[in-house]
Amino acid sequence: MCGIVGYIGAEETAPILIKGLKRLEYRGYDSAGIAVLGSAGLTIRKSKGALKNLEEKIEGELGAGALDGTMGIGHTRWATHGEPSDINSHPHTDVSGKIAVVHNGIIENHAKLKVWLMEHGVSFRSETDTEVIAHLVNFYYKGDLLQAVIGALKRLEGSYALGIICENDPDRIIAVRKESPLVVGAGKGENLIASDVPALLEYTREVYYLEDREIAVLYRDRIEFYNEEGEQRQRESRHVEWDAAAAEKGGYEHFMIKEIHEQPKALRDTLRARIKIAGTKTINLEEIGFDASWAKAERVVIAACGTAWHAGVIGKYAFEKFARIHTEAEIASEYRYRNPIFNPKDIFLIISQSGETADTLAAMRLAKKSGARIIAITNVVGSTLAREADLVMSTLAGPEIAVASTKAFTTQLMCVYLIALQLGRLRGMNDTELAAHIEALEKLPEQAERILAGKEDIQRFASLQFNKSKVFYMGRLFDYATSLESALKLKEISYTHSEAFAAGELKHGPIALVDETTLVTALCTQPALFDKMDSNIKEVKARHAATAVITYDDVDYFDKTADQVFRIPRTLDSLSPILAIIPCQLYAYYCSVLRGLDPDKPRNLAKSVTVE
Ligand code: G6P
């Protein structure tokens, strides 16, 4: 969703803002703008479309006057209220043009506020909800920007991350958030704000994740924090482990292919931190607070969105298998509105790469109210989810920039397996079974490397199939869950119509769509069901579909049935999704590139969906 950057220091600001916005491009946007405060006062430039349009617009102005200045704010907008246009782009200003605001989120009572402001003589220029904020701040401005912001906040309902500057208050940026992420970076003689850490890494690795309703006031040499009432508070910064290089493409053509290749390392890091090696290997989750008390749970409820929900579906199968505990995998946006039935003895497992997805957070808060205990799996240590959950397990994946999630997904699976196995252990799984699973988990990173080493086979196959108008993925049990994620990857970045279904459902509808324009990829890693899968593949072949199979490297069962067989190293049936998804990620990536698209920035999608 929208990206915010802000800078106050000694450097020329416009290039810093543009660079920061570029680092946030992955969040998804359709227009961009900056406001710089310098000797010429407040100067605003904005442009519909890609950032390069804005860059072209300001090219001649840099170092030549109006855009000179050492503080400013910038924004990439993902349209919600009002179409993408220059006028609707942020920053928005008040009537006097002295106060500039960038905003991520939705002001729910903007219509009422607009009427009220118009009654007070304000005329509006844009169709956005954001413009009301600039006018409100101006309404409360009596010479002190901080007090004006505090006054305006009292009137706002909804979600917001805000960066605000004022020509009459030229040495500070005010930042505040509620339900939308905002990070403050503390540099030397310069301070910054951003929606996400990658935009800050070039300047500092000392950050403050703003809390809900917390206000930060950034001066060149210090940062002050206040609550909504204007009372000052002390905050500790956090050191970010990622360096600037982690947010670069590092020689790869796209972030997505880089992140696909980072999976072996990410899996290794995520696993290693949780295995105790003294004597027989065991899983150690006590450090994160997962102790024997969690074994008393009567049910596990997993809630998440998108790819993270697919990790949850695999989690359902894993918890039921390893811990023999009733488990549900819920789509957070459905769950939160369903008036669900709670049991205080439920474990709530909330999965979110960003830790900021609005629906996921709402489901978590609902569960929390019911008295259930919350475990979070997230990739962002200081995220809202991490702060509000009872127990946090981090996916040690490093920053994921590409919109389509890859390494976050496989590391989420690693965490899910570890928790499910440990719960299984607490509920009676024997030593031998546990040891076999740990051994299999430890092999996965190297096995993932082997799949990546054979990526040319997938590329070749993609070059033959990328124009297929329909692609279906089918599988049973864990393979069904992997199919869901495979179909999502392909549709997200190649815009191919792709669907996943449980192979047993083939005859109940999907087969009506199968013809010679269809590719059906069957995931076959559940040996007990190979004969059923074989029949399903024959059924679609008989309707002239092209067929591909993903199975283990020691299986020749499908060689005569399928047109193409891709092999992955043998692992336990329950752990296969971590490996089986990799060829499907690669297939989606190559199809996207072959179709001339940018896999890192798919149309209409955002990395982090912070509004409902
Ligand atoms: C968006 C992203 C997906 C992601 C989903 C949930 O749709 O494009 O890649 O899976 O949000 O995000 P989360 O940060 O909660 O995992």
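## The largest cavity

About 200 Å³ of space lies in the largest cavity of this predicted model. A cavity is a set of points, on a 1 Å grid over the protein atoms alone, where a 1.4 Å probe fits but cannot get out. Its volume is the space filled by probe spheres set on the points, with grid points joined across faces, edges and corners. The largest cavity is lined by 22 residues, of which Arg27, Ser195, Asp196, Ser354 and Val380 are the closest to its centre; lining residues have an atom within 4 Å of a point.

The lining of the largest cavity comprises 10 nonpolar, five polar and seven charged residues. In this scheme Ala, Val, Leu, Ile, Met, Phe, Trp, Tyr, Cys and Pro count as nonpolar, Asp, Glu, Lys and Arg as charged, and the others, Gly among them, as polar. Domain 1 (3-242) and domain 2 (254-450) each contribute at least three residues to this lining; the domain bounds come from an automatic or database domain assignment.

## The second largest cavity

The structure holds four cavities of 30 Å³ or more. The second largest cavity has a volume of about 110 Å³. Among its 14 lining residues, Cys2, Trp78, Thr80, His90 and Gly105 are the closest to its centre.

Strand 6 (residues 99-107) supplies the largest share of this lining, three residues. By class, the lining of the second largest cavity consists of four nonpolar, eight polar and two charged residues.

## The chain as a whole

The protein chain contains 17 helices and 27 strands. These are DSSP runs numbered from the N terminus, helices being H or I of at least four residues and strands E of at least two. The radius of gyration of the chain, taken over C-alpha atoms, is 25 Å, close to the 25 Å given by the globule rule for 612 residues, so the chain is as compact as a globular protein of that length. The globule rule is 2.2 Å times the number of residues to the power 0.38.

Along its principal axes, the C-alpha trace spans about 75 × 55 × 45 Å. Of the 612 residues, 60% count as buried, that is, under 20% relative accessible area with a 1.4 Å probe and protein chains only.

## Helix 8

Helix 8 (residues 306-323) has 18 residues and should span 26 Å at 1.5 Å a residue; its end C-alpha atoms are 25 Å apart, which agrees. The expected span is 1.5 Å times one less than the number of residues. Because 13 of its 18 residues are buried, helix 8 is largely enclosed by the rest of the structure. Arginine 324 follows helix 8 and has a positive phi, near 45 degrees.

## Basis of the values

Residues are numbered from 1 along each chain as its sequence is written, and side-chain values use heavy atoms, with hydrogens and water left out. Since the model is predicted, local features need pLDDT of at least 70 and side-chain atom pairs count only at pLDDT 80 or more, while totals for chains, interfaces and linings use all residues.

Notes. Buried < 20%, exposed > 50% of the residue type's maximum accessible area, 1.4 Å probe, protein only. 1 Å grid on protein atoms, 1.4 Å probe; cavity = no way out; pocket = protein on both sides within 12 Å on 5 of 7 lines; lining within 4 Å.
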